[in-house]
Amino acid sequence: MAIFSNTRIQLRHKLSRLMNDLVTGVVSSPGSGTFVCATTHWEKFDDYFNDFLEIFCYSGTGVGTSGNPTDWVNSTHTLTFKPAATLTASDLVELHQRFSVDEYNEAINHAIDQVANDALVDRVDQTITTASSTWRYVIPTQFLYIDAVYIADSTGAFNTKDPIDPKYWRISKESTLYLEFVKEFYTPVASRTLRIVGLASPSILDTDTEACSIDPEYILQSAKSFLHQSRIRGRDKDSEFHASQMAISRKISDDKRKEMSTNRSGRAVVEV
């Protein structure tokens, strides 16, 4: 079980809070391009949200709906947005003034990519079924190291204490990567499932519900540095602010990255 597990929603909300750029709320009385939000912290003066970049529904029937706020009436707590869409009562929404949801998601995934060779995760694959007189099988994607290979018995069960002897298999590094059994010493029984155990690069997060097992402090600070970097335009005061914040976040993320270590005891699938 991973020590850390944070969904993309959780990481995005933590990151946008660090950027002082998150307002969340619950939808009530929705209409076409409008809704009421009675949440207390939405008690803001008229037109307060007009210059926000985005309103995004992150949970509920309208999940994924995105728009640009165009009007806020405080007396009725009514927000108007375009393009018009009708949300549903109890949908959960987030508002951002400085960065869009896509920018936050991309920064999080960029941070994950940066430690593809450092923050390795356990991976188990059971998608390969052996075939008669076949000794080579394409290695499933993402594996960087393979620690052990097992073959199921006639009932489909695995004896995890009895892997296939490592001298009977090797990794064939061609244009396609293969798990290859040494024909002279071993012939896998046909129609059996192989269980490959090893280490893989962490996956980027394609959906809000996917979870990341990397230390969130690294992810947040690294992503924060990328966001600040994206706003550096020259030598004006705003750019100077983003440059200084980028440097602080990068120092913290670099320190956290140095703490990452993985016991790479298996056979390397690719050179890293």
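**Aromatic rings in a predicted model**

Colleague: Is Tyr-186 buried or exposed?
Modeller: This is a predicted model, in which local features need pLDDT of at least 70 and side-chain atom pairs count only at pLDDT 80 or more, while totals for chains, interfaces and linings use all residues. Residues are numbered from 1 along each chain as its sequence is written, and side-chain values use heavy atoms, leaving out hydrogens and water. Buried means under 20% relative accessible area, exposed over 50% and partly exposed in between (1.4 Å probe, protein chains only). Tyr-186 has a relative accessible area of 17%, so this residue counts as buried.

Colleague: How are the rings of Phe-99 and Tyr-104 arranged?
Modeller: A search of the whole structure finds 13 aromatic pairs, where rings of Phe, Tyr and Trp (its six-membered ring) pair if their centres lie within 6.5 Å, with planes under 30 degrees apart stacked, over 60 edge-to-face and the rest tilted. The centres of Phe-99 and Tyr-104 are 5.8 Å apart and their planes stand at 65 degrees, so the arrangement is edge-to-face.

Colleague: Which arginine lies over the face of Trp-169?
Modeller: A charge sits over a ring if NZ of Lys or CZ of Arg is within 6 Å of the ring centre and within 35 degrees of the ring normal. At 4.4 Å from the ring centre of Trp-169 lies Arg-267.
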